[in-house]
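Colleague: Could you help me learn to read a model like this one? I am new to it and would like to go feature by feature.

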Amino acid sequence: MTDLNRIRNFSIVAHIDHGKSTLADRLIQLTGTVAERDMQEQMLDSMDIERERGITIKANTVRIEYPAKDGHTYVLNLIDTPGHVDFAYEVSRSMQAVEGSLLVVDASQGVEAQTLANVYQAIDANHEIVPVLNKIDLPAAEPDRVKEQIEDVIGIDASDAVPISAKTGLGIPEVLEAIVTRLPAPKGERDAPLKAMLVDSYYDPYLGVVVLIRVIDGVVKKGDRIRMMKTGGTYQIDRLGVFKPAMQDIAELGPGEIGFFTAQIKQVRDTRVGDTVTHEKKQCATALPGFKPSIPVVFCGLFPVDANDFEDLRDAMEKLALNDASFTFEMETSAALGFGFRCGFLGLLHLEVIRDRLEREYDIDLITTAPSVIYHVHMRDGSMVELHNPADMPDLTHVDHIEEPRIKATILVPDEYLGDVLKLCQDRRGEQLDLTYAGSRAMVVYDLPLNEVVFDFYDRLKSVTKGYASFDYQMIGYREDYLVKMQILVNDEPVDALSIMVHRDRAEMRGRAMCEKLKDLIPRHMFKIPIQAAIGGRVIARETIAALRKDVTAKCYGGDATRKRKLLDKQKAGKKKMRQFGKVEIPQSAFINALKMDG
Amino acid sequence: MAEPWEAGGFGLYIHWPFCQAKCPYCDFNSHVASEIDQARWKAAYLSEIERVSAELPGRRLTSIYFGGGTPSLMAPNTVAAMLDAIRGKWALANDLEVTLEANPTSVEAERFRAFRDAGVNRVSMGLQALNDTDLKRLGRLHSAAEGRNAYEIARDVFPRVSFDLIYARQYQDLEDWRAELAEALTLAADHLSLYQLTIEEGTAFGDRYAIGRLGGLVEDDTAAAMYDLTQEMCEAAGLPAYEVSNHAGDMAQSRHNLIYWRGGDYAGIGPGAHGRITLNGQRQATETDLSPLGWLRRVETQGSGETLRETVSGREQAEEYAMMALRLSEGMDRARFVAMNGADFDPDVLNRLESLGMIEVTEQKITTTLDGRRVLNAVLRDLLAEAR
Ligand SMILES: Nc1nc2c(ncn2[C@@H]2O[C@H](COP(=O)(O)OP(=O)(O)O)[C@@H](O)[C@H]2O)c(=O)[nH]1
Ligand SMILES: C[S@@+](CC[C@H](N)C(=O)[O-])C[C@H]1O[C@@H](n2cnc3c(N)ncnc32)[C@H](O)[C@@H]1O
Ligand code: SF4
Ligand SMILES: [Mg+2]
């Protein structure tokens with residue numbers, strides 16, 4: 001057990017790519033936590049897919065022992081949190097487990113949208129904040145200007161910001177000293193009943209569920225019988241330890257310490273982040289306030305390309321869900337796509353990560369349908385229906401009004417692209433909340449409907465600003481608007497998987513774009529195919545795929561019989577990759593590509 | 001009862017794999033060789049005729065077809081020796097058709113009389129185009145004038161003459177083709193083969209197409225208009241289409257090719273020749289060695305050029321029959337299809353295709369309409385799709 005005064009718990013907040021993971025690596029390396037030969041780039045980003053994309057999805061912790069200049073050895077616990085907006089809520093929860101933050105800002109880039117979003121969370125959690133200016137080895141680094149920006153935009157004192165290069169190691173000792181001298185020690189009562197916060201949990205195929213905790217009061221030991229105060233579960237601790245970052249067993253964890261335990265817990269769902277861990281018998285008096293569970297906000301259908309993969313897909317989803325309580329799925333049948341699943345995600349990145357993992361780790365080809373948000377459909381009888389799938393839209397005669405989720409989006413952008421960004425936000429039904437300048441960068445804050453953002457807003461933003469804008473958002477609630485379900489009719493029959501919810505004023509434009517896209521995506525048939533976008537019974541856009549005019553083999557004699565028969569077999573196999581819809585065959589790729597907007 | 005193949009007749013296909021030059025569009029088994037030992041080749045063909053006839057005794061031969069490659073480059077005495085041998089092996093139909101494919105250069109024209117004397121009674125000549133620019137583009141060695149000259153000689157020499165044109169060529173438009181076809185119809189006797197240019201994989205055109213370097217290709221909609229125009233003009237000139245790309249006057253159809261399209265039996269001799277023969281009630285598909293020298297050595301050392309023989313299942317026979325017979329304006333016999341397939345077509349699919357105007361259906365027959373034939377591959381995909 002470590003003396004409270006010799007413990008410092010902290011997290012690192014940064015915009016993506018500003019060097020959070022690199023700095024963590026340096027801290028681990030310089031303190032000899034990992035032998036040089038075991039060091040791999042970005043120790044903390046453990047999952048392959050995370051490392052590949054350079055993003056962290058789940059919280060990780062590492063315990064570092066640091067002999068400080070004052071002659072004492074300190075235990076530093078770093079919690080590394082996901083940097084992406086989809087996981088903002090997870091970040092806010094982990095922040096409750098530590099007392100301070102290093103605010104890392106790339107000195108060649110300056111403050112970005114995620115810098116702001118993350119630092120505000122740290123401020124909300126009452127953290128002491130040490131600003132760190134990274135990448136000062138770069139010729140483009142302007143530490144003084146960035147210091148000023150931190151003070152202007154964020155409003156915290158940056159006079160003692162630590163200039164470093166996480167890449168070369170310059171300034172790392174100063175960072176370690178700042179952690180010890182400037183961040184507060186944790187508080188806690190060793191003799192009080194056990195009170196620990198459940199920080200996160202993940203599933204390990206060998207160990208079962210591994211639970212990350214921060215002890216507040218009391219002491220926990222291996223073999224102790226514990227109780228989770230919210231879920232009510234009681235368990236016996238099998239294994240207790242800390243991450244260095246490899247797992248290392250420890251006899252006990254006392255106040256202020258961060259570590260993990262395993263206790264024969266079957267699935268992540270049995271644990272709840274923010275729950276209070278106490279002893280089964282000798283309980284603490286009051287539980288921690290806890291957190292709302294994070295809930296999916298974006299939904300889409302995932303269907304196996306090959307109907308025979310359905311069961312494999314179910315198995316794979318179950319495995320992923322074991323480790324990710326915020327990913328939900330339930331079976332869905334679509335007239336167009338057959339059997340599949342309606343899945344819920346924290347955001348688009350989360351959606352992409354899960355879909356990628358299903359395709360890559362489990363080798364299942366998938367058809368993804370249009371992402372949708374949750375609409376609140378208020379019925380005439382006063383009840384409210386949560387609509388996850390436009391295909392389930394109730395009969396309009398019973399509907400009173402519809403509400404949609406809205407977000408507050410913060411965008412930082414160099415001056416020269418501001419006009420384009422404002423236009424994009426305006427086109428997406430945004431309402432400007434704020435526009436301020438920090439040097440040559442503008443910070444715009446918009447109130448936007450989430451449904452305008454889920455599909456390709458981020459891609460469009462990147463393309464109109466050549467990648468120079470940064471973006472972050474938070475949900476701000478529901479608001480009524482004139483929303484309608486737009487159906488796509490192919491050859492006069494509605495295709496459920498292509499239905500979308502859209503604002504009435506944007507319906508013509510979206511409808512035209514989708515019809516034009518589908519015209520190119522669906523091959524010609526023996527008859528002409530009308531493609532229509534319709535609201536209720538009213539057609540608002542229309543295209544026609546001309547009939548196939550010529551498809552015949554010019555020469556076919558005795559020597560061609562075998563070859564032509566095999567070609568026909570191949571074409572028949574190709575037909576199976578199409579989805580038969582009424583008389584029309586629609587290629588799988590059409591379902592997602594039809595939604596891409598070019599403008 | 002007669003075997004099903006008898007409805008289609010029995011023919012012999014003989015493949016000659018050499019040409020003077022390889023045309024850039026051509027994916028036939030044709031090769032350019034500096035030296036050809038005609039005597040050695042003659043012996044090999046005679047040996048194969050011996051082998052095949054021993055296996056298929058007692059049949060009456062409806063047709064013999066020398067295809068290529070360029071069989072008009074064969075030594076006439078080789079052709080004569082083969083035809084002599086064949087006459088000794090099988091009973092011949094009274095109206096036995098003996099066709100030889102010919103290229104229209106002076107080299108070949110000189111041999112026409114000798115071919116006729118050997119027993120060839122029909123020539124199919126590859127004129128391909130009637131203007132020099134397009135002939136060059138098609139990589140042909142002859143000029144338009146040479147082509148016509150050879151054609152006139154052939155008409156004098158042979159009782160039946162047909163010629164081939166390739167249309168929907170690079171840079172051709174509807175009016176170009178209207179004029180050229182009108183001219184062709186003035187030249188035509190009673191048979192014409194009119195093929196739309198197909199870009200085949202593994203040819204020079206195919207390679208250029210793959211890298212986007214084949215300009216002026218005709219769009220599908222224009223090609224369709226050209227096809228319709230072709231049907232109209234040929235019909236008006238008394239040469240209606242009897243197959244997708246073949247037109248003939250009364251009784252002037254190619255009997256040999258009708259064997260293929262009607263699902264008859266044919267034996268294949270020569271490099272890469274395919275056969276379909278019914279033996280003991282089973283239909284066999286045969287193939288021979290594709291490489292000219294490989295085939296030659298195989299015949300010489302193993303006594304057979306055959307490299308493949310496999311039974312064609314009922315379903316496969318049915319598919320082949322439908323693929324072939326629906327090319328014909330006379331259509332296909334439903335009872336024959338059912339006998340091979342064990343089951344009839346899906347009535348819903350027939351109804352749908354009929355209501356789209358692609359086919360006409362009676363108790364006995366299914367016939368493609370002009371619209372149906374123009375998109376026959378799509379019609380076949382639907383007709384032969386496995387039940388979902
Ligand atoms: N030149 C330079 N590059 C750095 C420095 N720190 C990090 N990087 C690079 O910046 C990129 C993003 O760093 P990373 O630690 O993954 O950022 P994160 O997204 O905040 O975790 C990587 O290519 C790092 O190598 C630095 O001090 N100087
Ligand atoms: C075996 S080939 C040619 C016979 C002969 N060697 C000649 O070239 O005249 C039969 C016919 O098929 C046609 N043909 C060959 N390749 C073609 C292609 N790629 N597209 C369209 N027609 C083709 C030509 O009209 C050709 O005359
Ligand atoms: S088109 Fe005729 S001449 Fe040209 S390569 Fe083919 S077979 Fe030989
Ligand atoms: Mg990182």
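Modeller: We will go through the chains, the cores, the contact and the ligand sites in turn.

Modeller: This is a predicted model, in which local features need pLDDT of at least 70 and side-chain atom pairs count only at pLDDT 80 or more, while totals for chains, interfaces and linings use all residues. Residues are numbered from 1 along each chain as its sequence is written, and chains are lettered from A and ligands numbered from 1 in the order in which they are written.

Colleague: What is the mean pLDDT of chain B?

Modeller: pLDDT is the predictor's confidence in each residue, from 0 to 100. For chain B the mean is 95, and 98% of its residues reach 70 or more. For the complex, the predictor gives an ipTM of 0.93 and a pTM of 0.71.

Colleague: How many helices and strands are in chain A?

Modeller: Helices (H or I, at least four residues) and strands (E, at least two) are DSSP runs, numbered from the N terminus. Chain A has 14 helices and 34 strands. Its radius of gyration is 27 Å, close to the 25 Å from the globule rule for 599 residues, so chain A is as compact as a globular protein of that length. That radius is taken over C-alpha atoms, and the rule is 2.2 Å times the number of residues to the power 0.38. Along the principal axes, the C-alpha atoms of chain A fill a box of roughly 90 × 65 × 55 Å.

Colleague: And what does chain B contain?

Modeller: Chain B has 16 helices and 17 strands. Its radius of gyration is 21 Å, close to the 21 Å that the globule rule gives for 388 residues, so chain B is as compact as a globular protein of that length. The C-alpha trace of chain B spans about 60 × 55 × 45 Å along its principal axes.

Colleague: Which residues touch the most other members of the largest nonpolar core?

Modeller: In soluble globular proteins, nonpolar side chains tend to be buried together. A nonpolar core is a set of buried Ala, Val, Leu, Ile, Met, Phe, Trp, Tyr and Cys residues joined through C-beta atoms within 7 Å. The largest has 161 residues, and A:Leu78 and A:Val211 are among those touching the most other members. Strand S8 (residues 208-217) of chain A gives this core its largest share, seven residues. A second, separate core of 101 residues includes B:Phe163 and B:Leu383.

Colleague: How many residues does each chain bring to the contact?

Modeller: Two residues are in contact if their C-beta atoms, placed from the backbone, lie within 7 Å. Chain A brings 24 residues and chain B brings 39. Helix H13 (residues 561-576) supplies the largest share of the chain A side, eight residues.

Colleague: Which residues are closest to ligand 1?

Modeller: A residue is near a molecule if its C-beta atom, placed from the backbone, lies within 6 Å of it. Ligand 1 is surrounded by 17 residues, and the closest include A:Gly19, A:Lys20 and A:Lys167. Helix H1 (residues 20-30) of chain A gives the most to this shell, three residues.

Colleague: Why is the site of ligand 2 shared?

Modeller: Residues from chains A and B surround ligand 2, so the site is shared between chains. There are 19 residues around ligand 2, with B:Tyr25 and B:Asp164 among the closest.

Note on methods:
A residue is buried if 20 or more other C-beta atoms lie within 10 Å of its own, exposed if 12 or fewer, and partly exposed in between; C-beta atoms are placed from the backbone.
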